[in-house]
Amino acid sequence: MQTALARTYVIGDLQGCHAEAVTLVEAILAREGELEQAPPAILFCGDLINRGPDSLATLRYVQALSQGSGGRIDAVLGNHDLHLLAVANGIRPESGSDTLDTILAAPDRAALLDWLRHRPMALFAAGHLLVHGGVLPQWSAAQAQALAGEVEAALRSEEWTSFLAEMYGNLPDRWDDDLRGAARLRCIVNALTRMRFCTADGVMDFKMKESATVDPATGLMPWFDVPGRRTADVTVVFGHWSALGLQLRDNYIALDSGCVWGGQLSAVCLDDRSVLQVQCPEFRRAGGKA
């Protein structure tokens with residue numbers, strides 16, 4: 001029998017939940033093997049680490065999968081992944097909820113961080129656009145990928161720590177094609193890794209974190225509900241928003257089903273929208289998510 005073409009799976013936020021990551025990946029590989037499929041592409045939607053019980057083992061696991069896959073397995077960067085890079089370089093302090101100490105003390109720390117900073121900010125696969133947080137309504141899929149590439153170039157440059165030092169802040173909170181320098185890159189990072197709600201004209205809000213809904217009187221709405229958003233012609237896949245849970249809609253897939261909070265770790269096959277999930281213990285009590 002001829003082996004079928006490889007399919008593509010996307011996996012939600014791991015946040016240091018190593019055992020669950022291994023279980024879910026092995027379930028994907030077993031399923032594809034039973035169906036006599038070629039080895040699948042597996043893409044992680046960011047926040048590989050932090051808050052869960054074993055950030056070091058999780059990061060090592062995904063790095064090994066990626067490096068041994070010939071490009072089939074990869075991950076986009078999330079806000080927690082960027083936070084690790086900043087903490088490791090003395091740019092940001094650790095927070096009380098961080099679980100990064102084992103990575104920072106690891107003998108392979110330099111190799112892990114170097115691999116991490118070379119990950120993409122966005123990926124286009126199987127007709128889907130994968131990011132960690134969101135896509136501003138003014139951006140097309142092609143523009144989002146091009147702007148992600150600007151941040152990737154900064155992270156992969158010799159001056160990457162200087163970029164990290166200027167990456168934090170909530171302003172500018174809206175896109176302008178005339179933005180330049182650190183302000184431009186900061187706006188791109190915030191949209192791709194931090195955004196949940198914004199206004200109809202794309203002003204980002206970073207205060208609302210705990211809910212999937214917001215009072216309409218605020219003028220805010222989920223970024224994917226903005227009328228006329230330019231990525232409505234593609235399906236955007238994202239994590240970052242555990243309050244939403246797993247959602248499969250015509251033009252977006254929300255993947256963060258709250259693994260670290262006692263929910264599930266979810267994988268979606270982009271070819272047929274089938275779902276695989278692993279139930280997770282409550283490693284952290286919900287509240288104060290960032």
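Hi everyone, thanks for coming. Please keep in mind that we are looking at a predicted model.

Let's begin inside. The largest nonpolar core holds 86 residues, and helix 6 gives the largest share of this core, with 7 residues. Ile11, Phe44, Leu48 and Trp139 are the residues with the most contacts inside that core. Take Leu48: leaving aside residues up to four places away in sequence, Leu48 touches Leu14, Gln15, Gly16, Thr58, Leu59, Val62, Ala75, Asp81, Trp115 and Leu116. There is also another core, lying apart from the largest one, with 12 residues, including Val10, Cys45, Leu123 and Val268.

Now to helix 6 itself, residues 141-155. From first C-alpha to last, helix 6 reaches 21 Å, close to the 21 Å expected for its 15 residues at 1.5 Å a residue. Which residues of helix 6 are buried? They are Ala141, Ala144, Leu147, Ala148, Val151, Glu152, Ala154 and Leu155. These cover an arc of only 155° around the axis, so they sit on the same side of helix 6. Among the elements covering them are helix 3 (79-88), helix 5 (109-117), strand 5 (128-130), helix 7 (160-165) and helix 8 (181-193).

Finally, the rings. Searching the whole structure turns up 8 aromatic pairs. Ring pairs join Phe197, Trp223, Phe224, Phe238, Trp241 and Tyr252 in a cluster. Two arginines also sit over rings: the charged end of Arg92 is 3.9 Å from the ring centre of Tyr168, and Arg194 lies over the face of Phe206, 4.1 Å from the ring centre.

Terms used
Residues are numbered from 1 along each chain as its sequence is written. This is a predicted model: local features need pLDDT of at least 70, side-chain atom pairs count only at pLDDT 80 or more; totals for chains, interfaces and linings use all residues. Side-chain values use heavy atoms; hydrogens and water are left out. Rings of Phe, Tyr and Trp (its six-membered ring) pair if their centres lie within 6.5 Å; planes under 30 degrees apart count as stacked, over 60 as edge-to-face and the rest as tilted. A charge sits over a ring if NZ of Lys or CZ of Arg is within 6 Å of the ring centre and within 35 degrees of the ring normal. Helices (H or I, at least four residues) and strands (E, at least two) are DSSP runs, numbered from the N terminus. The expected span of a helix is 1.5 Å times one less than its number of residues. Buried means under 20% relative accessible area, exposed over 50%, partly exposed in between (1.4 Å probe, protein chains only). The arc is that of the directions from the helix axis to the C-beta atoms. Contact means heavy atoms within 4.5 Å. A nonpolar core is a set of buried Ala, Val, Leu, Ile, Met, Phe, Trp, Tyr and Cys residues joined through side-chain atoms within 4.5 Å.
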